[in-house]
Amino acid sequence: MTVLVGHAGRHGSTRGIAERIGERLAGHGERVEVRPLDGAVDPGGYEAFVLGSAVYDMAWLPEAADFVRRGFGAGRTPPVWLFSVGAADALGRPLRSYAARKEEGRLFAYLTGLRPGLHPRSVRLFSGAVAREHLPPAGRLFLRATGGRYGDHRNWPEIDAWADSVARELAAGAARP
C-alpha cells in the first residue's frame, strides 16, 4: 500500500509537519510519498491519504481544497486523515484554547463540506511557525495586542502521536475495503 502525505502551505510549517508524518509512517513500515498538493498529483496511485493544509481565513489553501473536491477516482472511498495548520498557539494565553476549540470545530465542518461523502478517519489542527514577515500589518498588530508571540509553535510529540495513531489504523487494516 502506498500512502500519500499531501501538503499545501506558504511558509514551510505544513511541509515540515507532512514530512514528519511521512517519516513516522515509513518507520511503521508503510510506503509513503510526501508531496505538495498541486495539479500534478494523481490520486490513482495511492491507497490511503493523509492530507494537510495551512489555514487562512478558516479555509484550506485552494490547491488542497481542490484536491479533496476532485476526489480519489470514480467510486473510490479510500481512508483519509486530514490535518490543518493554524496559529492558535501563537496567540496570548487567554485566547489560545478558545481559538483552538473554535477553529477546530469550524474546520471540521468546512473540511467535511468540501466533498459530500468524505468521512475522514481523523481531523486534527496543529499550530505552525509564525514569523513577523508571514503576517500582514493588521495581523502583526492583532498578535501584539493579544499578547501573542512569534516562533515555531509546532508540537512535535503531539504530531508524532497522531502520526503513530494513523500508522496503527493502517496496520490494522483501515485501508482494506
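Helices here are DSSP runs of H or I at least four residues long, numbered from the N terminus. Keep in mind that this is a predicted model.

**Exercise 1. Place Asp160 in the fold and find what its side chain touches.**

Step 1: find the element. Asp160 sits in helix 5, which covers residues 156-171.

Step 2: check the burial. Buried means under 20% relative accessible area. Asp160 comes in at 10%, so it counts as buried.

Step 3: look for partners. Skipping neighbours within four places in sequence, Asp160 is in contact with Arg20 and Arg24. With Arg20 there's also a polar contact between the side chains, at 2.8 Å.

**Exercise 2. Get an overview of the chain: which elements does it have, and in what pattern?**

Step 1: count. The chain has five helices and eight strands.

Step 2: read along the sequence. The pattern goes β-α-β-β-β-α-β-α-β-β-α-β-α.

Step 3: Of the 177 residues in the chain, 47% are buried. Take the contacts with a separation of 6 or more, and 77% of them come from residues 24 or more positions apart.

**Exercise 3. Search the whole structure for aromatic pairs and classify the pair Phe49 and Phe67.**

Step 1: know what to look at. A pair of aromatic rings is described by the distance of the centres and the angle of the planes.

Step 2: run the search. The whole structure gives five aromatic pairs. For Phe49 and Phe67, the ring centres are 6.1 Å apart and the planes meet at 55 degrees, so this pair is tilted.

Step 3: locate the two rings. Phe49 is in strand 3 (residues 48-56) and Phe67 in helix 2 (residues 62-70), so the pair links distant parts of the chain, 18 residues apart. Phe49 is buried at 0% relative accessible area, and Phe67 is buried at 0% as well.

Step 4: Phe83 belongs to strand 5 (residues 80-86) and Phe126 to strand 6 (residues 122-127), 43 residues apart, another link between distant parts of the chain. Both of these residues, Phe83 and Phe126, are buried.

**Exercise 4. Where do the buried residues of helix 2 fall around its axis?**

Step 1: list them. Ala64, Ala65, Phe67 and Val68 are buried in helix 2.

Step 2: look down the axis. The buried residues of helix 2 fall within an arc of 155 degrees, so they line one face of the helix.

Step 3: see what follows. After helix 2 comes Gly71, with a positive phi near 90 degrees.

Definitions and conventions
Residues numbered from 1 in each chain as written. Predicted model: local features only at pLDDT ≥ 70, side-chain atom pairs only at ≥ 80, totals over all residues. Heavy atoms only, no water. Phe/Tyr/Trp six-rings, centres within 6.5 Å; stacked < 30°, edge-to-face > 60°. Helix = DSSP H or I, 4+ residues; strand = E, 2+ residues; numbered from the N terminus. Buried < 20%, exposed > 50% of the residue type's maximum accessible area, 1.4 Å probe, protein only. Arc of directions from axis to C-beta. Polar contact = N/O pair within 3.5 Å; in protein donor to acceptor, adjacent residues only side chain to side chain. Contact = heavy atoms within 4.5 Å.
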